[in-house]
Amino acid sequence: MKTTAYAAETATSPLAPFHFQRRDLGKHDVQIEILYCGVCHSDLHTVRSEWQGTTYPCVPGHEIVGRAVQVGEEVNKFKAGDTVGVGCMVDSCRSCANCQDNLEQFCENGTTFTYNSADKHTGGITYGGYSDGIVVDQAFVLKIPDNLDLAAAAPLLCAGITTYSPLHHNNVSKGQKVGVVGLGGLGHMGVKLAKALGAHVVVFTTSSNKVEDALRLGADEVVNSKNADEMKKHLNSFHFILDTVSAQHDINAYLVLLKRQGNLTQVGVPPEPLSLNVGSLIFGRRSLSGSLIGGIKETQEMLDFCGKHNITSDIELISIQQINEAYDRLVKSDVKYRFVIDMASLQ
Ligand code: NAP
Ligand code: ZN
Ligand code: ZN
């Protein structure tokens, strides 16, 4: 299938128009016309090879919402015309212990991520959602609830599940004090979801101009994380903290805010290692974890939860031609609170 996209040719070149062929529709596949694609900070880390290991050309994008235009003969979950989503994964082995447990993101034989992964079908590399269409096995296609705005629902496919999964795994519930560090794409979804689960939510931000928005998004309190006195007021008080920061920062400053046996889960992936003062874990038997997106079953559960609670992302809709400018703004934390590309702009 002839496909038009935006790709980066090197770690330092801007994203620019690119043409390639998708595989032909297989019997288990759904062919999707992409309507919207969210812009995740992982796209930027990958395009600029900040985590190393990027294969070029690189077509990023893993917050895909579109319309099924054609389905393979054995597809039974979707039909042409359905509104569908694709997140960070397009395949896995489906037989290892983790796949069997619906945790395809941890496939022992290697998850096929939506972009920059080995593509079993073409022998090349997978190309993501900054494109006009994609062909995906139905097992990795999600249903988008009818009541949600399609552009604003796109970020649920990564930012939504990445924050929903650790909140659930840590049993965040009514009355608990929960912190969200960094108010960007992931952070603002974390606030909305933690609030919907009944938690008392505290946002930690380095951007003083985000305070009003944080409260509007549902935060009960906002802390300027650069202010040591404000931080000190929250010592030993959190059940759970979700850290979404994309760059180097001091996690010890947050670990000491946890109650006894509290947990801080890191979902942000700064390219450089973070330094850990083990004292902040030892005193209070606190724990530090990581979490990677969520499995397909949990992603559908999250979408249905968002449909029920009418939760979507706060977005800035951009044309594909504005993508390089959007990346420059992401680096400056100037995002309110997710860029979403209107794929109609890709001609
Ligand atoms: P984003 O929209 O750019 O938000 C990141 C936020 O972090 C910024 O808005 C800013 O919030 C804060 N921040 C940035 N630089 C900072 C610094 N130097 N010190 C302190 N705070 C800083 O990014 P995103 O799309 O939410 O992604 C966040 C991170 O999660 C990225 O590293 C991304 O790769 C990763 N990620 C992980 C997973 C996973 O499965 N684990 C999934 C998706 C993304 P304030 O302005 O409020 O301070
Ligand atoms: Zn992402
Ligand atoms: Zn597997």
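A nonpolar patch joins Val, Leu, Ile, Met, Phe, Trp or Tyr side chains within 5 Å, from residues with over 30% relative accessible area and no salt bridge. With that in hand, let's work through this predicted model.

**Exercise 1.** Find which residues make the nonpolar surface patch of about 500 Å², and place Val-278 in the chain.

*Solution.* 
- The patch is made by Leu-276, Val-278, Ile-282, Phe-283 and Leu-288.
- Val-278 sits in the loop that runs between strand E14 (258-266) and helix H9 (279-282).
- Val-278 has a relative accessible area of 48%, so this residue is partly exposed.

**Exercise 2.** Work out which atoms coordinate the zinc ion (ligand 2), and how the donor residues are spaced in sequence.

*Solution.* 
- The donors are SG of Cys-40, NE2 of His-62 and SG of Cys-158, at 2.0 to 2.2 Å.
- Their spacing reads C-x21-H-x95-C.
- The two cysteines link distant parts of the chain, 118 residues apart: Cys-40 is in the loop between strand E3 (29-39) and helix H1 (41-47), Cys-158 in the loop between helix H3 (150-153) and helix H4 (159-169).
- Both Cys-40 and Cys-158 are buried.

**Exercise 3.** Describe the surroundings of ligand 1, starting with how many residues surround it.

*Solution.* 
- The count is 31 residues, and the closest are His-41, Thr-205, Thr-206, Ser-207 and Arg-338.
- Next, look at oxygen atoms of ligand 1: a polar side-chain atom of Thr-206 is 2.5 Å from one, and a backbone N or O atom of Ile-293 is 2.7 Å from one.
- The protein buries 91% of the 910 Å² that ligand 1 exposes when taken alone.
- Finally, H1 gives the largest share of the shell, three residues.

Conventions:
Residues numbered from 1 in each chain as written. Chains lettered and ligands numbered in written order. Predicted model: local features only at pLDDT ≥ 70, side-chain atom pairs only at ≥ 80, totals over all residues. Heavy atoms only, no water. Donors = N, O, S within 2.8 Å, 3.2 Å for Na, K, Ca; no water. Helix = DSSP H or I, 4+ residues; strand = E, 2+ residues; numbered from the N terminus. Buried < 20%, exposed > 50% of the residue type's maximum accessible area, 1.4 Å probe, protein only. Patch = residues over 30% accessible without salt bridge, like charges linked within 9 Å, V, L, I, M, F, W, Y side chains within 5 Å. Areas by Shrake-Rupley, 256 points an atom, 1.4 Å probe, with all protein chains shown as cover. Salt bridge = Lys/Arg side-chain N within 4 Å of Asp/Glu carboxyl O. Near = heavy atom within 4 Å. Polar contact = N/O pair within 3.5 Å; in protein donor to acceptor, adjacent residues only side chain to side chain.
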